[in-house]
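Visitor: I would like to go through this model and ask what stands behind each label.
Guide: Then let us bring it up and take the labels in turn.

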Amino acid sequence: MAAFALKINGQTHQVDVDPNTPLLWAIRDGAGLTGTKYGCGVAQCGACTVYVDDQTVRSCSMPVSAIGTSEITTIEGLDTKEAKAVQTAWVALDVPQCGYCQSGQVMSATALLSINPTPTDRDIDLAMNGNICRCATYVRIRAAIHGAAKSLEG
């Protein structure tokens, strides 16, 4: 066990875990932030997506010892105009079915709109490629991203 001071959503959380513990478990069990979900455990489904210094990462496969002084943002701390547009579009188009993958989907969609405010279908497909939805709501996810982008135009 080792103590880590993780800056998550602007607050410092002390966690005492094995250095090889995936960041996901430090966030969920150590910091008590359960919005980030465990999906596959091998960085293939995207349910565990968080930002580390504004870059999307799969927290299930990143050891907590690799974080250092980086800042972590989870779905609970997502508070940008792009995030609000995505969340509004998600609700307006009733995107979620079971909802399990949605925090990762919203994190990835927000990251896309932060760097590309007018994505094409291809841009969306490429950006969302690592986020799997077992309910297959991909058509609504794409439509919601387009809707969020349009709402940000003006």
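Visitor: What makes Asp121 partly exposed?
Guide: Asp121 has a relative accessible area of 36%. Buried means under 20%, exposed over 50%, and partly exposed in between, with a 1.4 Å probe and protein chains only. Asp121 is therefore partly exposed. On the source: this is a predicted model, in which local features need pLDDT of at least 70 and side-chain atom pairs count only at pLDDT 80 or more, while totals for chains, interfaces and linings use all residues. Residues are numbered from 1 along each chain as its sequence is written, and side-chain values use heavy atoms, with hydrogens and water left out.

Visitor: Why is the pair of Asp121 and Arg142 called a salt bridge?
Guide: The term requires a side-chain nitrogen of Lys or Arg within 4 Å of a carboxyl oxygen of Asp or Glu. In this pair the closest N and O atoms are 3.6 Å apart, so the label applies. Asp121 belongs to helix H4 and Arg142 to helix H5, so the bridge ties together parts 21 residues apart in sequence. Helices here are DSSP runs of H or I with at least four residues, strands are runs of E with at least two, and both are numbered from the N terminus.

Visitor: What joins Asp121, Asp125 and Arg142 into one network?
Guide: Asp125 and Arg142 also meet in a salt bridge, at 2.8 Å from N to O. Asp125 is in helix H4 and Arg142 in helix H5, 17 residues apart. Salt bridges that share partners make the three residues one network. Arg142 is at 29% relative accessibility, and therefore counts as partly exposed; Asp125, at 38%, also counts as partly exposed.

Visitor: How many salt bridges does the structure hold?
Guide: There are four. One of them pairs the side chains of Glu71 and Lys7, at 3.7 Å from N to O. Glu71 is in strand S5 (residues 71-73) and Lys7 in strand S1 (residues 2-8), 64 residues apart.

Visitor: How do you know that the length of helix H5 is close to the expected one?
Guide: The expected span is 1.5 Å times one less than the number of residues. H5 (residues 138-152) has 15 residues and reaches 21 Å from its first C-alpha to its last, close to the 21 Å expected.

Visitor: Which residues of H5 are buried, and why are they said to be on the same side?
Guide: The buried residues of H5 are Ile141, Ala144, Ile145, Ala148 and Ala149. They cover an arc of only 135° around the axis, which puts them on the same side of H5; the arc is that of the directions from the helix axis to the C-beta atoms. An α-helix has 3.6 residues a turn, so residues three or four places apart point the same way. On the other side of H5, Val139 and Lys150 are exposed.

Visitor: What makes a set of residues a nonpolar core?
Guide: Its members are buried Ala, Val, Leu, Ile, Met, Phe, Trp, Tyr and Cys residues joined through side-chain atoms within 4.5 Å. The largest such core here has 22 residues, and those with the most contacts inside it are Leu78, Val86, Trp90 and Ile145. H3 gives the most to this core, with six residues.
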